[in-house]
Every structure is written in C-alpha cells, then in structure tokens.
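Hi there,

Here is the structure I promised to pass on.

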Amino acid sequence: MGKKLVIVESPAKAKTIGKILGPGFMVKSSVGHIRDLPERTLGVDVEAGFVPKYVLSKGKAKVVAELKKAAQACEAIYLAPDPDREGEAIAWHLQETLADCAKDKPVHRIQYNEITPRAVRAAFENPGVIDMQRVDAQQARRVLDRIVGYMVSPMLWRRLKKGLSAGRVQSVALRLVAEREREIQAFQPEVYWVMGATVRREEEPLDPFTVRLARVDDEKPSIGDEQTAKALLDDLEGCSLRVSAVRRRESARRPLPPFITSTLQQAASSVCGYSPNKTMSVAQKLYEGVELGGGGPVGLITYMRTDSVNIARDAQTAAHDFIVSKYGEDYYPEKPNIYKSRASAQEAHEAIRPTDVTRTPASLKGILDGPELRLYELIWKRFVASQMAAARIEQKTAEVEPVKAGLAHSYLFTATSSEVLFDGFLKVMALDIRKKKPEEDEAEEESDEVDRLPPLVEGDRLVALDWLCDRKETKPPARYSEASLIRALEANGVGRPSTYASIIETLNSRDYTVREKRQLVPTPLGLEVSDLLVGKLGKLFDVGFTARMEEQLDQIEEGSVEWAAMLTDFYEKFQQWMERAKVPPADTDKVSAVLEMLAQVTDWAPPVQRGRRTYSDEHFVASVKEQLEAGVKAVTDRQLSALVKIALRYRDQIHRADQILVGMGFGDEVAKDQAAPSHEEAKRRFEVLKDLAFSESQAEFIDSLRQQVESGIKLTGRQLAAIDRIIVQNAAQIEQFDQVKDELGLIVGEDELQPDTESPLLLEMLRHVTAWQEPVTRGKRTFDDHVFFTSLEEQYGRKKSLSPRQRYALKRMAFRYKDQIPEFEKWAEKLGLGKQGKSKGEKGGSKGGKRVPRTAKA
C-alpha cells in the first residue's frame with residue numbers, strides 16, 4: 001500500500017509536519033506558488049471574462065516534476081498550505097497541476113492554525129475540500145493587481161523613467177506618505193504659551209510638583225502672544241495658592257486583545273525596532289517549527305497572517321490554568337475576556353498566540369536566537385495579558401486656585417497623578433498607566449500628569465516656588481512610521497494582513513521611501529511618482545475606492561459577489577480613467593466648430609470594410625457629436641485630429657473649409673493635406689496595377705492602399721513611392737511600360753532597365769535538382785533551399801526579372817547542387833561563373849560579405 005502524499009508550501013513546515021505524521025506519510029514542499037501569471041505579458045484574457053493564463057512559476061519545473069512523480073506513487077493527496085487566500089490558491093494550483101497524475105485518487109484540503117501534534121492530527125482526521133470562493137477571491141485580487149500594474153506602470157516609464165512601478169495598493173500607501181509630507185511642507189507653526197507653577201506644601205512633605213494652568217475665567221486658556229502671557233504673569237505675581245479640591249476617580253484598565261498581523265507588526269516596530277518584513281520572517285520561523293531538542297521541530301506560535309482576535313476554547317482553558325497557578329485566582333477575570341474583531345475579519349482564524357502557554361520566554365533562552373526570543377516574548381506576554389483581569393487605577397487630581405485681592409481674572413491650576421490599586425494584567429505586561437495617543441495624533445495641549453502627588457486635602461496652602469511661562473510652537477503632523485502607516489492602512493480598510501509587510505518593503509526597495517529614525521520619508525522620486533499617479537488617476541488610487549475593492553474581494557470569498565462581474569465593473573471604470581490619463585482632452589470649442597463645419601456634408605463616402613472592422617466617416621462624426629453632447633467622456637485630441645482630416649476630405653462640400661481650419665490653428669494640417677498626392681494620381685496608378693499578378697503580401701498591401709483611397713483618405717508621399725516601386729518591379733507585365741512610366745513620372749534606375757538574361761538560365765539549371773538539403777534552423781529563422789528556389793521561380797514568372805542580390809544567391813546555390821545539374825560546366829561557362837559561384841568581376845551579393853539566406857520574400 002502506497003504512502004499518503006502531503007504537500008505544504010515551505011520546506012521547514014514540511015519537516016515539522018513530517019515528524020508529526022510519521023512514516024505513513026510522504027511530506028513534500030511546493031516552495032510557495034507553483035503557477036502564476038506570465039512575467040512579460042498581461043496574462044489575462046479580458047474578452048473571455050478575465051480568465052487568467054497561468055504558467056509555471058520561474059524555477060518550479062523541477063519541483064513540479066517531483067510532485068507529479070510523488071502523486072503517481074501515492075494512494076491519496078493532502079493539500080496543506082496556509083489557511084488563507086494565498087494558501088487556498090496554492091492548494092488549487094497544485095490540484096490543477098497534478099490532476100493528470102492523481103486520477104481516481106482522493107484529494108483532500110487540510111487546514112490548521114498551529115503546527116502542533118494535536119492540531120495537525122485533528123486536521124487530518126477531518127479533511128475538507130478546496131474552498132473555490134476563497135480561490136476566486138485570490139484570483140480576482142491577482143488579476144486586479146496585474147491589470148493595474150501592467151497597464152499603469154508604462155505611464156511612469158514614459159513620463160518619468162524606465163523601471164518604475166505602480167500598484168493598486170502600493171500606490172495608495174505611497175499617496176498617504178506623500179500627502180503627509182506635503183502637509184508637513186505646507187505647515188505653518190503657530191506660537192503659544194503654556195503657563196503653570198512649581199509648588200510645594202507649606203508643611204512636610206515638602207516635595208515640589210508642577211501644576212498647569214487649566215482655566216482662565218472658566219475657559220480653556222488660549223495664550224497666543226507674549227504680551228498676553230506677561231499680563232497674566234503680572235496678575236499672578238505675589239499671590240499665594242490654595243488647594244480648592246482633590247478629586248479621586250477609580251477606573252479599570254483593560255488588557256489589549258491578542259495580536260493580529262497588523263498589531264504585531266506595529267508593536268515589533270515600536271518595541272523591537274523590527275521592520276514589518278523582518279517581523280513576518282521571524283514569525284514564520286516560529287510558526288513553522290523550531291528545534292527544541294529531542295522529538296524534532298515544534299511550532300511555537302499560531303498562524304501569523306490573521307485579522308481575527310478570536311481565541312480557541314482550549315487555548316483559553318490553558319491560559320486560565322496557567323494564570324491561576326502562576327499569579328493566583330484574582331488575576332483571572334470572572335468571565336473569560338472576549339474580543340471583537342473588525343467586520344471583515346476571518347472569524348475562523350485565531351489571533352496570534354503561543355501554541356503552549358506554559359512554554360515561557362524564559363524557558364526558551366539559549367534555544368531561540370535574539371530576534372526570535374524577543375518576538376516570541378512579545379507574543380507570549382500580549383496573549384497571557386489579554387486573558388488576565390483588568391488593572392484598577394486610581395487617578396487623583398488636585399485643583400489649585402491663586403489667592404490674592406484684586407485679581408483681574410479667575411484662575412484654576414491642576415495636577416494629576418495615577419496609582420495602581422491592583423496590577424492585574426500589568427503583572428505580565430508593564431505599560432505606562434498614563435494613556436497616550438498614537439505618535440501621529442499627539443495633542444498640542446500640555447498634560448497635567450505628574451509622577452506622584454504628595455498628600456493633599458482641600459484647603460491646604462501651597463508655596464509657589466517658580467512661575468512657569470513656556471513659549472511653544474504647534475508641531476506639524478508626524479511622518480508615518482512603518483507601524484503608524486500599517487495602522488492607517490488598516491483603519492482605512494486598505495490592504496490585508498498578508499500584504500502590509502510587502503507594501504512597505506516595495507516602497508523602500510523602489511526608492512519611493514527611505515527609513516529615517518523609524519520614519520518613512522518619501523524620496524523626491526516617490527513624491528514625483530505619487531503626484532503623477534494622483535494627478536492622472538486620482539480616482540483609481542483613492543483610499544476609499546481601494547477600500548471598497550477590498551470589501552468586494554471579501555464578498556467574493558463569502559459568495560455574495562461573482563468575481564468576473566466585479567472585475568467587469570472595475571475594468572469599465574478603469575478604461576475610462578486610463579483613457580483620460582493617456583490622452584489629453586481636446587478643446588471643446590474647436591470640436592464644436594469642426595462638427596458645425598461637417599454638418600454641411602450631405603454626400604458621405606460609403607463605409608469601408610477592412611478586415612473585421614467597418615470604417616464610416618458619417619458614423620464616426622455622429623458618434624463624436626453624441627459623445628460631446630453627453631459630456632460623460634471627454635473628446636480627445638486624437639478624435640479632434642480625425643475630425644479635421646475628415647473635414648479636409650469633404651472640403652468641396654464645406655464653405656471656406658481651408659480658411660476656417662487655418663483660422664482655428666490647423667494651418668499645418670491644411671498645408672500637409674494640400675502637399676499630399678492627389679486622389680487622381682493614386683487612382684491612375686491603381687488602374688495600371690489592376691490586372692497584374694502579385695505575391696500574396698504585395699496584393700494585400702496594394703488592396704489596403706486602394707481601400708484607403710476609396711474611403712477618401714489621401715496617400716502619403718511614402719505610400720505613393722512604394723506603389724511606384726511595385727510598378728517598376730513588375731515592368732515586364734506592363735504593356736508599353738515606357739509610355740506608362742512617362743505618364744506617371746516614374747524615375748527608373750539604369751540597372752532596373754537592363755534585361756535580366758541570367759535568371760532564366762539559373763532557374764533552368766536548378767530545376768534539375770531532385771534531392772534538396774534539409775532545412776536548417778538558426779535562432780528564429782529557417783533556411784530552406786527548396787522553398788527559396790520555388791519562391792524566386794514564382795517571382796520571376798510574374799516580374800520577368802530578379803534583383804542582383806537574388807541572382808547572386810541562385811548562383812551560390814547552383815554550385816552547391818552542381819553534382820545534380822547535367823553539363824554544369826557548360827552552364828557555368830555560359831554564365832561566366834567562377835569557382836565560388838560569382839560572375840567574373842563580381843565581388844559579392846551582400847554588404848560585408850554576409851551569406852545570403854536561403855529564404856526570400858517574393
């Protein structure tokens with residue numbers, strides 16, 4: 001009986017799971033995705049409903065070959081990549097790729113949130129199937145990202161420089177960083193004064209503390225100039241101070257929920273100084289398994305790409321037992337703490353937590369390296385704290401009033417201190433009990449918090465040791481740090497847990513941002529790219545629009561939205577935005593004026609069919625007029641240019657057409673049209689050519705130019721010259737060619753007038769050849785003597801001549817096949833050929849002595 005094949009996406013994960021499952025299973029790694037969209041093409045069939053055209057990922061041929069071999073030998077296949085969209089997509093691609101090798105074999109989908117013996121074995125006891133709704137959501141995201149990146153990036157190449165990239169979410173993140181930088185650059189600081197006093201009790205203890213001015217005449221003080229500040233100081237000079245009230249308020253400080261991806265990245269950045277990319281790399285190692293000595297690698301944390309704060313019931317129970325035994329009953333809440341995830345979170349997932357709460361950070365010292373231990377400690381403490389009782393904090397605020405006769409204003413000073421009555425979760429995770437706002441949201445007002453207050457009661461007298469009057473300036477908004485940018489992306493619904501780290505890494509690697517003291521600073525290139533993208537495609541790279549697209553991806557996963565319909569709706573908007581971005585809108589006054597001119601036309605040329613498309617001047621003019629009147633889509637400069645050309649074609653029906661167009665600024669177009677060959681010149685040439693025999697390519701070319709003239713579009717000078725060359729090349733088919741040549745004013749070189757006496761002899765010689773050499777392929781070209789000979793024979797039949805280069809090639813060929821040509825020496829003497837197939841005095845048939853290829857265009 002064969003083994004069961006298990007496929008995961010990482011070699012480290014394969015090793016850990018292989019140890020757990022034992023000898024009955026063969027665990028292989030796909031090393032990430034095995035299929036993706038092609039690198040150098042769009043890879044999406046838009047017309048067929050946005051069908052992706054997948055190819056094997058670069059360097060994965062050997063991996064896939066090994067997986068196919070294993071699939072043929074096994075009795076069942078278990079697909080066990082990560083439990084998220086990317087993991088589901090990897091599983092589906094594996095199933096599709098291995099389908100031929102796994103015929104009639106059961107294929108199962110295995111999911112688990114932690115790599116522990118209990119979780120893995122439970123997953124294998126309850127296998128599932130691939131969730132195609134989740135796969136569709138991943139495919140939709142991949143197609144969206146490809147369309148935006150593939151079609152928008154070239155705009156950056158054209159306008160800025162090669163190699164730049166735009167991304168559906170990446171460029172929105174850059175926009176946030178750039179707009180914050182613009183705010184900082186535009187910021188004008190405002191001066192203000194903060195007032196207070198350093199005071200102490202009149203009696204022991206005499207420890208000084210600081211009080212802040214909180215009210216002036218029962219209003220929050222707003223001191224915006226030095227004169228006002230000095231006036232208030234003068235008013236307070238010489239007064240004594242009295243405690244007017246001491247207020248106490250007890251509050252509960254609840255623990256934060258366990259980590260999700262975004263909060264882990266933020267905390268690791270703030271506490272450890274890790275980049276989001278490093279955080280995820282270290283977390284991946286902790287998740288996939290670490291050697292603890294004996295028994296193989298062990299997964300230390302649950303899956304680290306999650307937006308859910310849920311905790312499994314057995315993990316809650318284990319946390320309860322650990323907390324009670326370690327810290328006592330008082331440290332566990334009466335009811336387990338339950339945290340609410342945001343609406344779009346995957347509730348089936350868990351928060352990031354240790355797989356075994358009894359495995360303390362201290363027990364892993366000497367086993368984990370420095371970064372691993374620091375991150376594990378962060379995760380362990382956050383999880384244990386999240387399951388503990390709230391801390392109880394008493395906040396004490398002293399209100400102080402000045403005492404002095406004849407004060408111009410009433411004043412209130414305050415000082416606040418906090419004291420921990422019961423530490424609760426703070427036992428594990430020490431925090432500053434004075435609540436602080438995130439770094440980018442710091443308030444301008446000064447806090448009245450002090451480390452501690454002495455014993456105070458209402459009526460206590462205080463001594464003013466020093467009056468404080470500090471000049472301050474308002475601060476500009478802080479630049480985003482990596483942590484705060486992730487917080488902003490998450491708050492705005494942009495991106496998902498699996499993408500935050502890669503977004504920031506891309507901004508840095510593309511030189512759009514640089515890290516300076518944990519802040520993300522946009523480079524001049526980053527600002528330039530953002531300005532261009534927002535200026536041209538502001539609606540596409542709008543924060544709200546991007547968030548709505550993320551919501552629709554979630555709805556695809558839920559099954560409430562069909563992915564092709566969502567992409568169709570997006571693509572319709574996208575095309576309009578791209579059209580406006582690529583082509584500047586035309587001057588509507590000029591468009592209206594040219595349409596007014598064309599309204600005089602009554603006799604329109606009939607529609608012309610070219611391939612599958614039909615061209616009609618009348619219909620085009622009508623569609624532009626309708627577009628202008630609707631006002632939804634701007635008329636482009638290209639469309640206006642086409643209208644001008646149509647007006648010139650119908651100038652005979654438009655009163656003063658040339659003068660009006662020149663007056664509108666189209667003088668160059670009028671002059672160019674007047675200089676172009678007339679329709680009569682073109683039609684006379686087509687009359688000469690109508691009964692001649694041509695090669696297929698020449699016939700197609702002539703027919704396309706004939707249709708152009710019939711539709712009223714003049715030929716260019718180069719097109720007319722091309723027709724003249726064709727007439728000269730086929731002179732042998734034209735009766736009274738000299739007369740035709742003079743009538744058309746054709747210029748014919750002397751060599752073109754010389755009769756071709758060599759080609760008939762060379763062709764006659766080579767007709768004796770029956771055993772042709774095999775075709776030779778060099779690069780993308782195929783050299784075939786027989787095909788080459790046949791094409792020249794057919795060409796001579798039409799033109800009655802070959803070019804000197806073609807005749808030279810035939811001479812070389814005749815020497816290669818001389819053994820099959822009867823009386824070869826006689827023919828060679830007649831043609832005056834030397835030993836190498838050259839006529840006497842002939843130097844060669846091509847520049848630089850290059851060999852003439854064995855294929856030729858007829």
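**Around arginine 807**

Arginine 807 sits in helix α29 (residues 804–816); helices (H or I, at least four residues) and strands (E, at least two) are DSSP runs, numbered from the N terminus. This is a predicted model, in which local features need pLDDT of at least 70 and side-chain atom pairs count only at pLDDT 80 or more, while totals for chains, interfaces and linings use all residues. Residues are numbered from 1 along each chain as its sequence is written, and side-chain values use heavy atoms, leaving out hydrogens and water.

With 17% relative accessibility, arginine 807 counts as buried (buried is under 20% relative accessible area, exposed over 50%, partly exposed in between; 1.4 Å probe, protein chains only). Beyond its neighbours within four places in sequence, arginine 807 is in contact with Asp756, Glu758, Ser759, Leu762 and Leu802, contact being heavy atoms within 4.5 Å.

**Salt bridges**

The whole structure holds 43 salt bridges, each a side-chain nitrogen of Lys or Arg within 4 Å of a carboxyl oxygen of Asp or Glu. In one of them, arginine 85 pairs with aspartate 554, with the closest N and O atoms 2.5 Å apart. The partners come from distant parts of the chain, 469 residues apart: arginine 85 from helix α3 (residues 85–97) and aspartate 554 from helix α15 (residues 543–558). Both arginine 85 and aspartate 554 are buried.

Another salt bridge joins arginine 515 to glutamate 482, with 2.3 Å between the closest N and O atoms. Arginine 515 is partly exposed at 41% relative accessible area, whereas glutamate 482 is buried at 6%.

Best wishes
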